[in-house]
Amino acid sequence: MNTFMRIDINLISIILLAFVLAIAIKRIDQQDPLNRKFLRIAALILAEVTLETITCLINRQPYPYLIPITRLLHVPLFIVGPLITFLWCYFVHFWVEGKEVDGLYRRVAFSIPLAVTSFFAVTSPWTGAIYTISALNVYVRGPLYWIPAMTAYFYLIVGAGYIIRNKKYLLEHVYIPLLLFALLPMAAGYLQIRYYGLLLMWSSTAFACVILYVFIQDRMAQFDVLTGTWTKATFERYIEYRVYKERSSIPFGLIFIDLDDFKEINDSFGHLEGDFALKSAVEQIRKVLRKTDIMARFGGDEFVLMIENADYEVIRKVLDRMENVFVHYNETAAKPYQLRYSFGYEIFDASFDSIGQFLNHVDSLMYDNKKKRKASRKELHGAQSFPFQQLKED
């Protein structure tokens, strides 16, 4: 009965997390790198809680054949825990930045604490550094027990610090669940270290993972499936918050982008090629945006860029860089069409009565630009405004 009282929370967390993980595997888009990271972390948490529960059940069972099993099971137990928190940091970085951590040196240096922990865990069955298993099959903490614990705390603190530092880049309702994933295990882990015999850290992580899954699903609704940009609804919620609730004094501007002759790409080369062209255009635009800038798909081939801390000179520099990357893409992509776009831009100020009026104003500027560009191309190319290159025959 005493053993059951120790593992009852673990058993509940195993059942709950296994159920959620099974649903997540079926429902979320596994092509999304962030979703794949989440599934990997959830699976490792499930493995960690299960290992912890098994070792607790067989601890103090005085059967000689269980001793090597107990020794063996504790090796992954002390490796997987820090590995979860290590991967969590990369998960947080990808959520905030939308990309992997840059630089091989940074990734290798960041892996050193995990490598050290893994070394001591693998060698502990012989050295007793982190743990020992007595002749009566009793688990005993070793003199270096604190290494895996501190490694896990190191990565949790780094992840929590990164979330706090980048709070303004996260939607308000996402910030707390992300932070909770770090803070809840830290508090539970302290109690587990302080009071020997409690099993709280990884079960609490499992519960935090379940909560996070809800927001993973919400994120799927926030981001456009094809391009990975924000949806129109998400952007409109954010700009309302930015203007009316946050009331930041930092100026911002909007750039509306509409791909020219996108329908002709779809009609001439098919919708798969059209999707590729759309994603390629988004990739080029992202090259010129800063971390603080936001990109959303407003529907079809129309996008809006929110440029923080902007004035007209900043906006024009963004547009100049964008023109350069599109020219380079068209010269090197070897496609039978070129990616072109029209744009309109404006800086938000108090002269606009509402966000809706501001959005409509910038949208109208974009369509004025589109008409001028279309008329200009017609003068150059005659009636055909979209000069395709001839497809090369195999």
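Start by selecting Arg141 and Tyr145: the arginine lies over the face of the Tyr145 ring, at 4.4 Å from the ring centre. Keep in mind as you go that this is a predicted model.

Now bring up the second largest pocket, with a volume of about 580 Å³. Its lining takes in 28 residues, and those closest to its centre are Glu52, Phe78, Tyr139, Tyr145 and Gln192. Colour the lining by class and you'll get 16 nonpolar, 7 polar and 5 charged residues.

Next stop, the aromatics. The count comes to 30 aromatic pairs. For an edge-to-face example, select Trp230 and Tyr238: the ring centres are 5.4 Å apart and the planes sit at 80°, over the 60 degrees needed for that label. Trp230 counts as buried because its relative accessibility is 12%, and Tyr238 counts as buried at 9%.

For a stacked pair, jump to Phe348 and Phe352, whose ring centres are 6.2 Å apart with planes at 15°. Buried or exposed? Both of these phenylalanines are buried.

Finish by selecting Phe86, Tyr90, Phe110, Phe154 and Tyr155 together, as they form one aromatic cluster.

Methods. Residues are numbered from 1 along each chain as its sequence is written. This is a predicted model: local features need pLDDT of at least 70, side-chain atom pairs count only at pLDDT 80 or more; totals for chains, interfaces and linings use all residues. Side-chain values use heavy atoms; hydrogens and water are left out. On a 1 Å grid over the protein atoms alone, a cavity is a set of points where a 1.4 Å probe fits but cannot get out, and a pocket is an open set with protein on both sides within 12 Å along at least five of seven lines; lining residues have an atom within 4 Å of a point. Grid points are joined across faces, edges and corners, and a volume is the space filled by probe spheres set on the points. Ala, Val, Leu, Ile, Met, Phe, Trp, Tyr, Cys and Pro count as nonpolar, Asp, Glu, Lys and Arg as charged, and the others, Gly among them, as polar. Rings of Phe, Tyr and Trp (its six-membered ring) pair if their centres lie within 6.5 Å; planes under 30 degrees apart count as stacked, over 60 as edge-to-face and the rest as tilted. Buried means under 20% relative accessible area, exposed over 50%, partly exposed in between (1.4 Å probe, protein chains only). A charge sits over a ring if NZ of Lys or CZ of Arg is within 6 Å of the ring centre and within 35 degrees of the ring normal.
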